[in-house]
Amino acid sequence: MFSGFNVFRVGISFVIMCIFYMPTVNSLPELSPQKYFSTLQPGKASLAYFCQADSPRTSVFLEELNEAVRPLQDYGISVAKVNCVKEEISRYCGKEKDLMKAYLFKGNILLREFPTDTLFDVNAIVAHVLFALLFSEVKYITNLEDLQNIENALKGKANIIFSYVRAIGIPEHRAVMEAAFVYGTTYQFVLTTEIALLESIGSEDVEYAHLYFFHCKLVLDLTQQCRRTLMEQPLTTLNIHLFIKTMKAPLLTEVAEDPQQVSTVHLQLGLPLVFIVSQQATYEADRRTAEWVAWRLLGKAGVLLLLRDSLEVNIPQDANVVFKRAEEGVPVEFLVLHDVDLIISHVENNMHIEEIQEDEDNDMEGPDIDVQDDEVAETVFRDRKRKLPLELTVELTEETFNATVMASDSIVLFYAGWQAVSMAFLQSYIDVAVKLKGTSTMLLTRINCADWSDVCTKQNVTEFPIIKMYKKGENPVSYAGMLGTEDLLKFIQLISYPVNITSIQEAEEYLSGELYKDLILYSSVSVLGLFSPTMKTAKEDFSEAGNYLKGYVITGIYSEEDVLLLSTKYAASLPALLLARHTEGKIESIPLASTHAQDIVQIITDALLEMFPEITVENLPSYFRLQKPLLILFSDGTVNPQYKKAILTLVKQKYLDSFTPCWLNLKNTPVGRGILRAYFDPLPPLPLLVLVNLHSGGQVFAFPSDQAIIEENLVLWLKKLEAGLENHITILPAQEWKPPLPAYDFLSMIDAATSQRGTRKVPKCMKETDVQENDKEQHEDKSAVRKEPIETLRIKHWNRSNWFKEAEKSFRRDKELGCSKVN
Amino acid sequence: MGLSAAAPLWGPPGLLLAIALHPALSVPPRRDYCVLGAGPAGLQMAYFLQRAGRDYAVFERAPRPGSFFTRYPRHRKLISINKRYTGKANAEFNLRHDWNSLLSHDPRLLFRHYSRAYFPDARDMVRYLGDFADTLGLRVQYNTTIAHVTLDKDRQAWNGHYFILTDQKGQVHQCSVLFVATGLSVPNQVDFPGSEYAEGYESVSVDPEDFVGQNVLILGRGNSAFETAENILGVTNFIHMLSRSRVRLSWATHYVGDLRAINNGLLDTYQLKSLDGLLESDLTDLAILKDSKGKFHVTPKFFLEEANTNQSADSITLPQDDNDNFAMRVPYDRVIRCLGWNFDFSIFNKSLRLNSGNAFGKKYPLIRASYESKGSRGLFILGTASHSVDYRKSAGGFIHGFRYTVRAVHRLLEHRHHSVTWPATELPITQLTSSIVRRVNEASGLYQMFGVLADVILLKENSTAFEYLEEFPIQMLAQLETLTGRKAKHGLFVINMEYGRNFSGPDKDVFFDDRSVGHTEDAWQSNFLHPVIYYYRYLPTGEQEVRFRPAHWPLPRPTAIHHIVEDFLTDWTAPIGHILPLRRFLENCLDTDLRSFYAESCFLFALTRQKLPPFCQQGYLRMQGLVSTESLWQHRVESRLLRDYAPTGRRLEDSSQQLGDQEPLGSPLAPGPLAQSVDSNKEEL
C-alpha cells in the first residue's frame with residue numbers, strides 16, 4: 001500500500017516505465033479455464049472475463065478490459081480473459097454469447113459477478129472491482145439516518161470521508177474508490193448516490209460529486225456535530241489525495257521565524273500559507289482568530305500563528321497578516337486586514353489569480369520585459385559595487401585634457417559613465433594599467449564624456465567607448481582592435497613602429513627577433529621593407545601602410561646603400577618586403593613593385609594569417625573575413641601533432657584551398673563546447689573534425705568519428721563532400737535577430753485612456769485620492785468598517801520586494817506611490 | 001555712413017577692399033544678411049553668421065548692445081535664473097539651468113562669470129551683451145536707426161527680392177535676408193475712457209517714497225505688474241490689481257512668462273487679508289474718472305454713457321451710489337498701467353506683409369514655425385518677437401529659448417543658401433540607444449525648447465546606421481527633407497521633451513497626490529518634463545497625417561511612441577528604469593535585437609548561427625569585440641545570461657557530464673520570440 005504522495009507518484013512512473021519496457025505484462029492474458037484457475041493465489045484478487053468467441057460487442061468490452069489491466073495491477077489485482085473451449089466446460093462459461101460475464105475472485109473464492117454492461121468502461125471496471133473488494137472500508141448508505149449512525153459511532157475515534165457520486169462506476173466513483181484503497185484503513189469512507197441525502201446535509205449544487213471530510217475524531221461530546229470540510233476541487237484521485245493530506249496537517253502551527261523561510265506540507269502541495277501576526281499582549285485573541293481562520297481555510301491554505309515578539313526579522317509595523325504564495329521565490333506579502341472575511345477573500349482571490357497566471361505562463365512562456373537580458377548591462381550592473389583601482393589611470397577634465405595630451409604620450413579612453421559597454425571595457429583598461437604599471441612611458445588616461453561632453457565632441461568622439469593615442473607632433477591614432485586587455489596591451493607595446501633600421505646587422509637582429517625580443521610575444525611576425533635609397537614613392541607607400549598597421553604589427557624600413565646585400569640574401573628584388581615568422585623561424589620575401597599602401601596593408605594582414613591556426617574568440621574575425629567554410633578540428637587540449645601534420649599536408653597539396661582549416665582547443669576556448677552541442681546530439685568523443693559552411697547555407701558536416709584523422713581518409717571525405725555524397729549533420733539556424741521581447745505599447749494605452757475619458761471625466765488620480773480618504777475615515781471608526789460595502793474597503797497591500805523598489809522610485813517629490821499604482 | 005562705420009571692425013582694409021569701396025558710394029551696399037537689433041537674439045544670430053563666415057551686418061539704434069536692458073526691467077532684477085552650481089561638470093547640461101547666456105564656443109562668455117546673483121541685475125546683462133559683441137568681434141553698426149524697411153523685387157536675389165533698409169541719415173542698405181530681432185518695444189495700451197490718467201510701467205517712478213500712504217491701482221497681471229507692486233508693497237495703503245483674466249502662476253502653467261514666484265508677494269498679502277487685492281474685469285468695459293481732489297474712480301463704462309460725456313467724477317452716478325458695497329468704491333491716488341509690450345510694426349512697409357491676419361493681434365508679427373515671415377520670404381523674426389510660435393507653451397520668447405531657435409534658423413539658412421546640410425552625426429545602429437540616452441540627459445536645447453525643438457534620428461537603409469540631427473523645429477517636420485537636405489526614406493525617430501498632458505494650467509494643482517510616476521509601464525502618464533520618443537515608419541508629409549494628428553499632440557500620430565519615465569533628478573540613465581525600456585522600444589520599432597554581447601557570445605553565435613546580432617556584426621566581426629574581464633565573466637555565469645562552458649579550471653565540474661547535458665543552448669540569449677509573436681507585435685505597432 002502506498003503510504004505517501006511521493007511513493008504514489010513513484011509508483012505511477014514505475015508503471016509507466018513498465019509499459020514502456022515490458023508491454024507483454026500489461027496485455028490481457030488469454031487463458032483456458034483450467035489454466036486460469038491454476039494461477040489464482042490465496043488472498044490475491046483476480047478479475048476474469050469468460051467468453052466463448054470473439055464478437056464485435058465483446059471486443060469493445062475487451063478493449064476497455066485491456067485498459068483496466070494496468071490500473072488494476074497497481075492494486076495487486078490480476079486480469080485475465082478466459083476462453084471457454086468446448087473441451088473444458090466451466091460453470092462460469094455462459095451458454096449463450098450474450099450472457100457472458102466477468103467474475104471477481106479473491107483466492108479461489110468468488111466475490112462478485114459482473115454483467116458486462118455494468119463494466120462499461122475502464123473507470124467502471126476499476127470502480128466496481130475496488131468497490132467489491134473494499135466493501136468493509138467503504139460503507140454505502142442511502143439515508144441520513146445511516147450517516148448519523150456512522151457519525152455518532154466514530155465520534156472521538158476516527159474521521160469520516162463522505163462522498164456523493166451521481167452513479168456507481170463513473171470516474172468520480174473510481175477516484176473515491178482509489179482513495180479508499182489508500183486511506184481506507186485510516187478513515188471511514190462513506191458513499192452515497194442519493195441526492196436527497198446530500199441535500200439534507202445542506203449541500204448546494206447537488207448535480208456534482210461532493211466529498212466531505214468529517215472531523216469526528218476531535219469530537220468528544222456526542223451531542224456535538226462533527227465539523228465538515230467540503231473539498232472544493234473536482235473529484236479526481238490526485239485532488240482527493242491532496243485534500244486528505246491537508247486534512248492530516250495540523251490545523252494551526254505556531255512559528256517564530258522569518259515567514260520567507262517557513263515551509264509546511266501546504267507549500268509542497270501548492271497551497272499558500274497565511275501567517276496571523278501575533279504579539280504577547282494579544283496572544284489569546286490572536287490564537288482564537290487564527291483558529292477560526294484555519295477552519296475557514298482548511299484545504300485551501302495553511303494557517304500559522306507568527307509570534308512577532310520572538311521574531312528576528314523585521315516585518316512592517318502595521319502588518320497583521322503575512323501571505324506567502326506557494327510558488328518558489330515569490331516574496332511574502334505583508335497585509336493589513338481587519339476582518340477574517342478579508343483574509344479568506346484575499347486567499348481565495350489570490351488562489352484564483354494563481355490559476356490564471358499559470359495559464360498565461362503556459363501561453364506566453366515569456367520572461368518579464370522589465371528583466372535585463374543584455375549580458376553586458378547586467379554584468380556591469382552586478383559588478384557596480386566593486387571598487388576598481390581607478391587611480392592607476394589619470395582622470396582628465398576639460399581643464400586638464402589639452403595640457404596632458406600635449407605634455408606626454410597618452411592613451412585616452414573616452415567613455416560614458418552610464419553606458420554599460422564603456423564600463424565593461426573600463427575594467428579591461430584598468431587591467432592594462434595594472435599590467436603596465438611602472439613599465440611604460442605611455443600615460444594611461446580616461447575622460448568621462450557624461451561629464452566632459454564638450455571635450456569629447458571636440459575630439460570628434462561621438463560614440464563610446466573610444467581609445468585614442470596622442471603623441472607629440474602626430475595626429476591622434478584611434479584604436480580599432482578588440483576591446484580587451486590583451487589586444488590593447490599589444491597595441492600599446494607595438495605603437496612605436498614602424499622603425500628605421502640603419503645597419504645590416506641591426507636588420508638581421510630585427511629579422512631574427514633579437515632586436516625586439518620583448519615584443520615577439522605580441523607580434524609573431526616582423527615586417528621589414530627593403531628599399532634602395534632612391535625609391536621614394538615606394539618607401540612612402542610602405543610607411544603609410546606601416547602607420548596604418550601601427551599597434552598591430554612590428555614594421556621596419558631598411559633603405560641604406562648596402563640594401564642589396566639583404567635583397568640578395570633573401571632573394572628579394574627591390575622594393576620588397578621581408579616577413580619574419582618567429583614561431584616558425586622562417587623568413588619570406590614579397591616583391592613590392594608599384595604596390596599601393598592599401599595593398600601593402602592587405603599583403604601584411606594576409607601574411608599574419610596562419611595556415612592551420614588555433615581558432616580563438618580573439619582571432620576568429622580575421623579568418624571569418626575570408627568567407628570560406630571553416631574546417632575545424634575540436635580538440636580537448638593541444639592538437640595531436642599527427643592530425644596537424646595530416647591537415648598541413650593537405651594544405652600543401654592544395655586540397656584545402658576553398659576552406660579555412662583551423663583547430664579549436666576546448667581548454668583555451670571553453671565556449672567551443674557550446675558550439676559542439678549545437679552541432680552534435682549526442683556528442684561523439686573528441687577530437688571531432690567539422691566542416692561549417694558559415695557563409696552559404698549553414699550546413700555542418702562531420703568527419704566520421706570512427707575514422708582515423710589521416711590524409712587518405714580526409715581526402716576521401718572531402719571528395720565525397722564535393723560530390724555531395726555526404727549528409728550534413730545539422731544546418732545552422734538562419735533566424736534573424738528579432739527584438740528579444742516586446743516593448744510597452746504606450747500608444748494603445750494612450751488610445752485606451754482617451755477613449756475612456758469620454759465616459760468618465762474624473763481623472764484616475766483624483767479618484768484614487770478620494771478613495772484613500774474614505775479609507776482613512778474608516779480606519780478611524782472601526783465599528784463602521786463592517787457596515788461599509790466591501791468594495792469601498794481598501795486594503796493597504798504591498799509586496800515586500802516591490803516595496804523598496806516603490807519607495808525608491810517614488811521618492812521623487814516625496815510621494816508614496818505612482819498615480820495609477822495604488823492597489 | 002554704414003560702411004565706413006563697419007570697416008574698422010574688419011581690421012585694416014586691404015587694397016582690394018579699398019577698390020571695392022569706391023563703386024559702393026553710388027550703389028547701396030549689399031549684404032547677404034542683415035540683422036535688426038543688437039539685443040540677445042541679434043547678437044546670437046550675428047555669432048552664428050560670423051562663425052560660418054557669412055556676409056552680414058547688425059544695425060543697432062543705441063551706442064551699445066542690449067539697450068532694452070539699460071531701462072528694463074524697471075526695477076532692475078532679471079527673473080531669469082543664473083544657476084551657477086548644479087553639481088555637474090557637463091557644460092551642455094549646465095545650460096539647462098543658465099537662462100541668461102548666449103551660445104558660443106567661448107566658456108568665458110557664460111553669464112555666471114558676470115553675476116553671482118541667482119536673479120541677476122539687468123546692468124550685468126548689458127555688460128554681458130557688450131562683452132559678447134566685443135570679444136567675438138561681431139559686426140554691429142551702432143547708432144544706426146533703421147527708420148524704414150521696404151522690398152525691392154529682383155529676380156537675381158536669393159528670395160526674389162531685396163530688403164531695402166533706410167537709416168536715420170538716409171543711408172540705404174540692401175539685404176538678401178533680413179533678421180528682425182528688435183524685440184517687443186511698444187508699451188501695450190488699452191483704450192478706455194480715462195486711460196490717459198494711467199502712468200505707464202515704462203515711465204512710472206521706481207522710488208517707493210513716491211507712493212507712501214497712497215491707494216494704488218495697477219492694471220495688468222503679468223510679471224511687470226507684480227514687479228511694480230512688489231517694489232511699493234510696503235509703503236502704500238493698499239494695492240489693487242485689475243486685469244481681464246485670472247492670475248497665471250508659472251509654477252502651475254510651467255510657462256516662464258507667467259507670474260513667477262519671486263514677484264508674487266502681493267498674492268501673499270492679498271490672501272493673508274492685508275488690504276491688497278486682485279480683481280478681474282475687462283479693462284475695455286471700464287472707465288477711470290478723476291474727481292475734483294485729483295483722485296481716480298473706477299466705474300463701468302456704461303455709467304459714463306448714461307451720463308452723456310460729462311467726464312467729472314463728482315457729477316455722475318458711480319456704481320457705489322446704487323451698490324454700496326462695490327469693490328472699487330475707494331478712490332485711488334495713482335493708476336499704473338503694466339500691460340506688456342507689442343512689436344514695433346511702424347518701420348515696415350506694407351509690401352512686407354508682416355502683420356496680416358495675426359492671431360495675436362498687434363503683439364507679434366505673423367510667422368511660420370521656421371521663424372520666417374508668412375508675408376515675405378527671406379524675412380525672419382528672431383528673439384522675443386518670435387514668440388508667437390510657442391506663446392505660453394515653451395521658452396521661445398526668452399533668451400534661454402531663442403538662443404536655440406536662432407541656431408535652428410541659421411542651420412536652415414545654411415542649407416537654403418549655402419548648400420550646407422543640417423549638421424548630423426552618422427553612427428552605427430548599435431549606438432542608437434546610447435545616442436538618445438546621451439542627448440536626453442544633457443541636451444539643453446531640447447530641455448529649454450521642449451515641444452518646439454526636437455532631435456530627429458533618420459534611419460539608413462536596413463536600419464544598420466542612422467543620422468542624428470539636433471534641435472530641429474518639429475512643426476516643420478513635414479518639410480524636413482527640403483529644409484535640412486537630408487533623406488528620411490527609411491523611417492525616423494523624433495526625440496521631444498514633454499510635460500504630462502494634463503499637468504500644466506493656471507488652475508491646475510501641481511502638487512496633487514500621486515503626481516509622480518515611478519513605474520516604467522506607467523511612463524506615458526509621467527507629469528514632469530520627460531523625454532518622449534516618436535517613431536515614424538515614413539516621414540509624415542501629407543495632409544492626412546496632419547489632419548489625423550490628435551488634439552494636443554505636438555506631432556502627428558506616430559507608428560509607435562515611447563515615454564521615458566519622469567525622473568526626480570532628470571537623470572535618465574537608470575539601466576532598468578530608463579535604458580532597458582528604451583532599448584525594447586527601439587528594438588521593436590526596428591525589428592531587431594539591440595543588445596550588446598561579449599566577444600565570447602559573438603564567437604558562439606558566429607559559429608552556430610547564420611546571422612549575427614548587430615552588435616556582433618558591427619563590433620566583433622570587425623575585430624572590435626568586447627572582451628569580458630574575469631569578474632564580469634563570473635557575473636555573467638551567475639546571471640545565467642550565458643552558460644558556463646568551462647569544464648575545468650574556472651569551475652570544477654565533470655566535463656563529460658557537461659557535454660552530455662542537453663540543456664537548450666544559451667537559451668536566454670537566443671534571438672527573439674518566434675516568428676508568430678513578432679508578427680503580432682508588428683501589427684500592434
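In chain A, an open sheet is built from 5 strands in the order β1-β3-β2-β4-β5, and its pairing is mixed. Strands here are DSSP runs of E of at least two residues, helices are runs of H or I of at least four residues, and both are numbered from the N terminus; two strands pair if DSSP finds at least two bridges between them. The edges belong to β1 (30-31) and β5 (109-115) of chain A, each with a single partner strand, so one side of each is left without a neighbour in the sheet. This is a predicted model, in which local features need pLDDT of at least 70 and side-chain atom pairs count only at pLDDT 80 or more, while totals for chains, interfaces and linings use all residues. Residues are numbered from 1 along each chain as its sequence is written, chains are lettered from A and ligands numbered from 1 in the order in which they are written, and side-chain values use heavy atoms, leaving out hydrogens and water.

Let us stay with that sheet for a moment. β1(A) runs parallel to strand β3 (residues 77-83) of chain A, joined by 2 bridges, and Leu31(A) has Val82(A) in β3(A) as its bridge partner. Across β2 (45-51), β3, β4 (101-106) and β5 of chain A lies helix α5 (residues 122-133) of chain A, at about 145° to β5(A). Such angles run from 0 to 180 degrees between N-to-C directions, with axes fitted as lines to C-alpha atoms, for helices over the stretch in contact.

Further along chain A, strands β28 (residues 688-692) and β29 (residues 699-702) pair in the antiparallel sense over 3 bridges, with Val692(A) opposite Val700(A). Their hairpin has 6 residues between the strands, and Gly697(A) takes a positive phi near 100° there. β29(A) is also joined by 2 bridges to strand β30 (residues 730-731) of chain A, running antiparallel; here Gln699(A) is partnered with Ile731(A).

Now turn to chain B, where an open sheet of 5 strands has parallel pairing and the order β8-β14-β9-β10-β11. Its edge strands are β8 (199-200) and β11 (277-280) of chain B, each pairing on one side only. Strand β10 (residues 238-243) of chain B is linked to β11(B) by 4 bridges, and Leu242(B) stands opposite Leu279(B). Helix α7 (residues 223-232) of chain B packs on this sheet, touching β9 (215-219), β10, β11 and β14 (334-337) of chain B, and its direction makes about 175° with that of β10(B).

Finally, how do the two chains meet? The contact (heavy atoms within 4.5 Å) takes 107 residues from chain B and 106 residues from chain A. Together the chains bury about 10,100 Å², 59% of it on carbon and sulfur atoms; this is the accessible area (1.4 Å probe) that two parts lose on being put together, summed over both. Asp514(B), Leu607(B) and Gln610(B) supply 8% of the area that chain B buries against chain A, more than any other three residues.

The interface also has 6 salt bridges, meaning a side-chain nitrogen of Lys or Arg within 4 Å of a carboxyl oxygen of Asp or Glu. One of them joins Asp751(A) to Arg557(B), with the closest N and O atoms 2.6 Å apart.
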